[in-house]
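Trainee: I would like to learn how to read a protein structure. Can we go through it feature by feature?

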Amino acid sequence: MRPIYLDNNATTRTDPEVVAAMLPYFTEKFGNASSVHDFGAEVDDAVRLARRQVQTLLGAAFDHEIVFTSGGTEADNAAILSALEAQEGRDEIVTTAVEHPAILSLVGHLEKTRGIKVHYVGVDAQGRLDIETYRRALGLRTAIASVMWANNETGTIFPVAELAQYAHAAGALFHTDAVQAVGRIPIDLKATEIDMLSLSGHKLHGPKGVGALYLRKGVKFRPLIRGGKQERGRRGGTENVPAIVGFGKAAELAASLMDEGPRLRALRDRLERGLIQRIGHCAVAGDVGNRLPNTSNIAFDYVESEAVLLHMNRAGIAASSGSACSSGSMEPSHVLRAMGVPAGALHGAIRLSLSRENSAEDVDRVLEVVPPVVERLREQSSAWRDRQARGQVGVTNCA
Ligand code: PLP
């Protein structure tokens, strides 16, 4: 049976059109973009086109900069470290408790090794940011506020345009990790004050190991990687041309397929509703009315998510618990903990993330496979059996 892939927030399949666009840059078009001869010039043109394709997807002005990086993690690191270095007298960071480890482990390291003050703004039970606390955390010493556009685990969208205005009112820079948002919801940077934005190729059907940092025109920037004058001196090192070309093509495809959003939302909602109706004793995690259209995070009481995922995998369905980086460990998700998800449900949360490659048949199959899996696993749980003995089952408490 055809496997069903529902882990697109971890990574997406590289689109065949993207692969086709990349291939010549491994073979006949192998030049170095910095070379003056024709081999270099044709490659330089290809990198320039990719920059335009990414700018177009972001709705960025063409004189704003796109610095190609090795991915979202590097772009996040470059943004934070540059902001600290480029702004005299500003040495504090404002971020959230639910960022990806690409931000959290960096700022934690800066706290420990450099004594940098980091403000971690919390979220409510739906995963919505506490805006008042965010505003109060900004001050004369804030170098940068970094808040993700959409959360990788729950899909919850943050009001980044508004948050950028508050950061600017305090004289600070504003960065957003938009790795999960770009390509999934329309983005129009021209309409915002965002200074820096991170994105990644492999989340939008592009290749792995390539991403970009968007820099608003005039934002002071200090490179993370020093070397040659590539990327106008913003990032040293010979460009990964095939990956950049593929990333550009993926951005172009994503821009042209933006109307897939409503179809995905309908599929996701049917999947979620179907699971809730059939399973019971579960809750959807996240800001249900303000999420990425492709993401569903459902916490099932009385089961371990790892066991559910294992059985799903045996049935040919790939999903995850929390983020890919923390799956494989039994540590509950820091995002769900920050939302105050009760201990019983914390361990039973699974993330289903769709892409334009998923169909209604995929949803039907998940609805066939998952409910009996959860039922069987619950029967093995003594807490569940106790509950049954007390006659407390049969009541659906899903939200
Ligand atoms: N930021 C977020 C929100 C992510 O979801 C991820 C990847 O899961 C990253 C950053 C890291 O991106 P990359 O894998 O391109 O380094």
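Mentor: We begin with contact, which means heavy atoms within 4.5 Å. Leaving aside neighbours within four places in sequence, Pro 207 is in contact with Thr 14, Val 18, Met 22, Gly 201, His 202, Ala 243, Gly 246 and Phe 247. This is a predicted model, in which local features need pLDDT of at least 70 and side-chain atom pairs count only at pLDDT 80 or more, while totals for chains, interfaces and linings use all residues. Residues are numbered from 1 along each chain as its sequence is written, and side-chain values use heavy atoms, with hydrogens and water left out.

Trainee: Where is Pro 207 found?

Mentor: Helices (H or I, at least four residues) and strands (E, at least two) are DSSP runs, numbered from the N terminus. Pro 207 is in the loop between strand E7 (196-200) and strand E8 (211-215). Pro 207 lies 9.1 Å from Pro 242, C-alpha to C-alpha, and the two are 35 residues apart in sequence.

Trainee: Does Pro 207 count as buried or exposed?

Mentor: Buried means under 20% relative accessible area, exposed over 50%, and partly exposed in between (1.4 Å probe, protein chains only). Pro 207 has 7% relative accessibility, so it counts as buried. Another loop residue, Gln 87, sits between helix H3 (72-86) and strand E3 (92-96). Gln 87 is buried as well, at 15%, and it is in contact with Ala 143, Gly 171 and Leu 173, its neighbours within four places in sequence left aside.

Trainee: Which residues touch the most other members of the largest nonpolar core?

Mentor: A nonpolar core is a set of buried Ala, Val, Leu, Ile, Met, Phe, Trp, Tyr and Cys residues joined through side-chain atoms within 4.5 Å. The largest one here has 67 residues, and Leu 58, Tyr 134, Trp 149, Phe 174 and Leu 197 touch the most other members. Helix H7 (residues 241-256) gives the largest share of this core, 9 residues. At least three residues come from each of domain 1 (4-10 + 259-389) and domain 2 (16-256). There is also a second, separate core of 29 residues, with Leu 275, Val 303, Leu 352 and Leu 377 among them.

Trainee: What does Phe 174 touch?

Mentor: Not counting residues up to four places away in sequence, Phe 174 touches, among others, Tyr 134, Ala 145, Val 147, Val 160 and Leu 163. Its partners also include His 168, Ile 194, Asp 195 and Met 196.

Trainee: How are the domains to be read?

Mentor: Domain bounds come from an automatic or database domain assignment. For this protein it gives domain 1 (4-10 + 259-389) and domain 2 (16-256). Their centres, taken over C-alpha atoms, are 29 Å apart. The contact takes 27 residues from domain 1 and 29 residues from domain 2.

Trainee: How many salt bridges does a search of the whole structure find?

Mentor: Side chains of opposite charge can pair when their charged atoms come close. A salt bridge is a side-chain nitrogen of Lys or Arg within 4 Å of a carboxyl oxygen of Asp or Glu. The search finds 19. One of them joins the side chains of Arg 356 and Asp 15, at 2.9 Å from N to O. Arg 356 lies in the loop between strand E12 (349-353) and helix H12 (360-379), and Asp 15 in the loop between strand E1 (4-5) and H1, so the pair ties together parts that are 341 residues apart in sequence. Asp 15 is buried, at 12%.

Trainee: What about the pair Arg 268 and Asp 269?

Mentor: Their side chains meet in a salt bridge at 2.7 Å, N to O. Arg 268 is buried at 2%, whereas Asp 269 is partly exposed at 24%. Elsewhere, salt bridges that share partners join Glu 65, Arg 232 and Arg 234 into one network.
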